[in-house]
Structure formats: C-alpha cells, structure tokens
Amino acid sequence: MKKESQLFQNPILERLTRTHIAVPISLLLLYAMGLMYWSVYSVGHSLVIGLPLFFCGFLVFTLIEYLMHRFVFHMEPNTSFKKTIQYKFHGVHHDFPKEKDRLAMPPLVSITLATLLLAIFKLVIGDYVFSFLPGVLLGYALYLFVHYILHAYNPPKNIFRSLWINHSVHHYKSPDKRYGVSSPLWDHIFGTF
C-alpha cells in the first residue's frame, strides 16, 4: 500500500500541489487584513457597516464550504473527466487523509480563488466587498486550521472534539454525509448530518 499520493508525473507540478499548512493560512490572513485596511482607510467603512458585512462574509464562507465539499469535491464521477477532477481535487484526500502537506489548497490556488472571489463579489456588492470578503477569507483560514487539526492530531479533548468526530464520520463511515468541516450548521439545515 502506498503511503504517499502522487497526482502528477512532472516533479514541478507535483511539488506545486503540496504546501505546509501555515503558508496558505498566513497568506489568507494577510489578504484579509489588507482588504480590511482598504475598507476603512480608502473606502471609509465604519464599524457599523464593516462588522456586519464581515460576519456575513464569515457565514457565507461556511455555506460555500458546505456546497463545495458536497457538490464539487463529492460530485458523481460519471465521466472520465469528472473522475479525474474529483480525484485530484478531493479523492486523493480521502485515499490519503493523513498526508499533512495535502490538507490545504496550494498557495497559488488559494490566492487565485481569493482574487476571483474579490472580482465576483465586487461586481455584485461593489465596495462592500472590502468588508465582506475578509470575513470569507477568515472563514477559509479557520477552516484550513480546523481541517489540519482534525487530520494531523489525535482526537482533541477540547472544543475541536465534536468537529473531529463529525469529520471522522465523513471520512471513515459516511462519505455522503457531514460535509461541514468547520461547522455542522448547513448539514443540519440540509439534512446531511
């Protein structure tokens, strides 16, 4: 049995699929702080506007996490293209759940996604994006942190224990249930808990 996964034969591409967890978390937090700075000092958002938008962004992230995990990462691989995409995006994680350098999207992908979200949300909500998107990015960074803890360490005896159990059930018992990693909220709402 293989102990380590391999997604690409090309060693450069293969290396780009791996990262230490601190790298994307740090980049996302810096990105979020930069946007918050811009929202206050360039756009002029007050706390009355900025904080609700920030928390709304955080809540929206939990929904994005759930929907991506359920409908993209666990899509029905009914074509060879979908099978390849599903495996490279997430199937490899289920086959090698303890592989620490594959527990997060690589930094280039994370920053590209953050910038794509910035562009999309800017079109939809205008300058409010500078207070909203930091909440999304903080949610993503916290998700990465929680996901890493759940896979890299033994069951914790603290607040993360219930999340550890929840995610373990998803990995080892019911891969078609419990898609929320950082929160079971949407699993309860959509009946997949």
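Good morning. I begin with helix 7, whose buried residues are Leu 163, Trp 164, Asn 166, His 167, Ser 168, His 170 and His 171. Please bear in mind that the model before you is predicted. What covers these buried residues of helix 7? The cover includes helix 3, helix 4 and helix 6.

I turn next to pairs of helices. Two packed helices are described by the angle between their axes and the distance between the axes.

Let us take helix 3, residues 47-73, with helix 4, residues 80-95. Their axes come within 10 Å and cross at roughly 105 degrees. Angles of 65 to 115 degrees count as roughly perpendicular, so helix 3 is roughly perpendicular to helix 4. On the side of helix 3, the contact is made by His 69, Val 72 and Phe 73, and on the side of helix 4 by Gln 86, Phe 89, His 90 and His 94. By class, this contact has 3 nonpolar and 4 polar residues, with no charged ones.

The second pair is helix 5, residues 107-125, and helix 6, residues 129-152. Here the axes come within 10 Å and cross at roughly 145 degrees, and the crossing is right-handed. Helix 5 contributes Ser 110, Ala 114, Leu 117, Leu 118, Phe 121, Lys 122 and Ile 125 to the contact, while helix 6 contributes Val 129, Phe 130, Phe 132, Leu 133, Val 136, Leu 137 and Tyr 140. By class, the contact between helix 5 and helix 6 has 12 nonpolar, 1 polar and 1 charged residues. Thank you.

Notes
Residues numbered from 1 in each chain as written. Predicted model: local features only at pLDDT ≥ 70, side-chain atom pairs only at ≥ 80, totals over all residues. Heavy atoms only, no water. Axes fitted to C-alpha atoms, helices over the stretch in contact; angles between N-to-C directions. Helix = DSSP H or I, 4+ residues; strand = E, 2+ residues; numbered from the N terminus. Left-handed = near helix turned anticlockwise from the far one by under 90°. Contact = heavy atoms within 4.5 Å. Nonpolar A, V, L, I, M, F, W, Y, C, P; charged D, E, K, R; others polar. Parallel < 35°, antiparallel > 145°, perpendicular 65-115°, else oblique. Buried < 20%, exposed > 50% of the residue type's maximum accessible area, 1.4 Å probe, protein only.
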